[in-house]
Amino acid sequence: GVSTQPIWRKLWDDVMKTRPPNSESITCWRKKFLETFFSNVLHGVLDVSSDWRLNDRHFSPLLHSSPHVSQLTLCNMLQGAVELTAEHNHKVLENLAGSLQILKFQHLLSCDQSVRRSLVLLLHRLIHHGSVSQVSMCSWPVPDTVLLVLILSMSAGFWRSGNALAYHGSPCGLCREEDKAQSQESAQEGAERGCTAEREGSSGEDQKGSPEEAEAHMNSVLSDPRSPPSWQNPACEETSSKVPCDHTNIRGGSSPCSSSEQLSCHPVPQKTRRRLKPAVGRKRRCLRRSRGRYADPEDLYDFVFTVAREDNSGLLDKSRTTEGENTENWTSSSPGSPCTSHAGCKKRGGSAGIFSLKAAHRFRSVSTLELFSIPLTGETCRALSNLLSSWVSLENLILSYNGLHANISCILSGLRALSRHPECRFRVLRVSDMFSHMPCMELVRCVLSALPQLHTLSVSFDLKNHLEGSRPEESPSCSEAEIPESCLEVLDIRFPREPLHVLPVLKASKSLQQLSLDSATLPCPQELGLLLEVLRECTPNLKKLSFHDVNLAEHQREVLLLLQDPGLQEITFSFCRLFESSTAGFLSEIINTVKRNSSLKSLKLPGNRLGNQRLVALADIFSEDSSSSLCQLDVSSNCIKPDGLLEFTKKLEGHIQQRGGQIPFTHLRLFQNWLDQDAETAQEALRRLKALCSVVNDSWDSSQAFADYISVM
């Protein structure tokens, strides 16, 4: 029952000798210390020999701390991957396979063949046979296309087994064990089917082939239990040969068709392969090929790692269809297929095509993929789209500052195909970038039309396209299309100073619980009133509403209506110029409205120039006659000085005393206020406030901030 947190906190100071970032948010110092300790030792940041407690030849720092590591970051030349796959760290890797949840790649550089081989072994063990559920890649200004798609494809659960997955000269033991079990199971099933066929043949009832044919088929199954009947196309087993083999026909465990396989479903007996059972999204041992029969000279491992001879084509397979067939059929494929005919997404003859999944096995895959500040070319987007189309375990996709432009259509095409899969779990999409290639609301409509089962959508753009009118002609226009009723629960839109045309989306989102609108302009004075009317009629479950950098100076009536809404529990007016044109009585109306609202739990008013006088007045929300249930108040960036904060504290203390020490107020946020102008008064105010509630503030230099503001004017 005795907490060890202070001991681990002291160990951090003794061993790390640095101040941990965001120390206020650390809930478990033991976990924080051991995770950071593992990472620092792995990357050579921490010298174990410098501490007498760690300098012991019988002590392995990595082995000791690995069971406690749930998040790991690999950087630069992937030296950490090489170290973890070394033979002496075999037990460390086994521990990580059971504990690691998040795997991050940061500031990666191109690496040689041996390093990539180590990366393959690491990803295979931690993802395919491990518990990693999220892969994040960030800050890669000039990505190595082969390395990038390698990580993406293995995260999606695609890879070819065999020698590629040998571990220190011997094949993967987990694959070998599963292979043996599956072989025995298949042999038993094949024998039973063969005996049944033989009995039916001897009885002469409903006979469809001679006994000799049945016996020959039984022998072929027994000799190679993985071989399906020669007339059956393994890529399209569940699809009629008359139906095009697009991504809508893919089943959970079978490998999706390559670009050439999508064009036809004719049997390919020389490369037949049994269909795998669904293995995506859960911890499952993977399947190996039979070593003799599947010795393919086009082994994907060799294909990827002979980069120098293959002109860096890697996993982006060259077009292998007959001349003219590929381009013609691909661009006219069914709407459910990725990259149909959208601009920036069309497959052109002679260029590197999408990732070839031919003869690849399907292993366990991750549920969250994040790509931050990594430029994605059209070629890479086609590869990602092809992976997304059957990535049924994927639940969250986060794409931030990837320079997608028109290639967003390619990504949406893959997600549309995924959404039609019966086992699809995709629920969260977050897209942010510098420029938008189409109006923000048009993109939102396109996404919701393609993904009606989406639960969370976040779209954020900093600026409009720097070339007005440069939106591709072939880009899909959804501005006039009717939006189907969606399952959307969270909608977050950051407009690049565009009009707030969000009403059609809200009318189709009856399950909406959280809405955030950032940097939008109001096209007419009545727009906000119409928005409130739609919210009241069409979104009865809305709990959280946020406006950021939206000019509400002339909309005092609408602000008061929102504050008295009995369904809203959290309201944010951030940098909305609330008091720019207000009368003296507007603040009093706000206070009285909040006092009467017993459902509102959180009120956030950062960046509205409250100042000292208005802050002191806000304390009346908690007066004796108040029925407010307000727990959290955010007054960051409001030009508050120490004397005003102290007066607010004294007034709050008086209200608490009048109510017998019982008020619901628990959290106050004070970031970026002018508290440095009188340090002594500020310290007294904060000391007294912290006795009443939890206070979060920072050490902000207001003079420097003002100088920075003047310098950019």
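**Close-up views of a predicted model**

View 1. Residues are numbered from 1 along each chain as its sequence is written, and side-chain values use heavy atoms, with hydrogens and water left out. The structure holds 7 aromatic pairs, a pair being rings of Phe, Tyr and Trp (its six-membered ring) whose centres lie within 6.5 Å, with planes under 30 degrees apart counted as stacked, over 60 as edge-to-face and the rest as tilted. The ring centres of Trp-12 and Trp-29 are 6.0 Å apart and their planes stand at 75°, so this pair is edge-to-face. Trp-12 belongs to helix α1 (residues 5-16) and Trp-29 to helix α2, so that the pair links distant parts of the chain, 17 residues apart; helices (H or I, at least four residues) and strands (E, at least two) are DSSP runs, numbered from the N terminus. Trp-29 is also buried, at a relative accessible area of 10%.

**View 2. The pair formed by Phe-372 and Tyr-401.** With ring centres 6.3 Å apart and planes at 80°, Phe-372 and Tyr-401 make an edge-to-face pair. Because Phe-372 lies in strand β6 (residues 368-372) and Tyr-401 in the loop between β7 (396-400) and α13 (408-419), the pair ties together parts that are 29 residues apart in sequence. Phe-372 is partly exposed, with a relative accessible area of 34%, and Tyr-401 is partly exposed at 30%.

**View 3. The surroundings of His-437.** His-437 is found in the loop between β8 (428-436) and α14 (440-450), and its relative accessibility of 7% is why this residue counts as buried. A polar atom of the His-437 side chain lies 3.2 Å from the backbone oxygen of His-405.

**View 4. The buried residues of helix α5.** Within helix α5 (residues 90-99), the residues Val-92, Leu-93, Asn-95, Leu-96, Ala-97 and Ser-99 are buried. Their cover includes α2 (29-42), α3 (61-65), β1 (71-76), α4 (79-84) and α6 (113-128), with contact meaning heavy atoms within 4.5 Å.

Notes
This is a predicted model: local features need pLDDT of at least 70, side-chain atom pairs count only at pLDDT 80 or more; totals for chains, interfaces and linings use all residues. Buried means under 20% relative accessible area, exposed over 50%, partly exposed in between (1.4 Å probe, protein chains only). A polar contact is a pair of N or O atoms within 3.5 Å; within protein, one must be able to donate a hydrogen and the other to accept it, and residues adjacent in sequence count only if both atoms are side-chain atoms.
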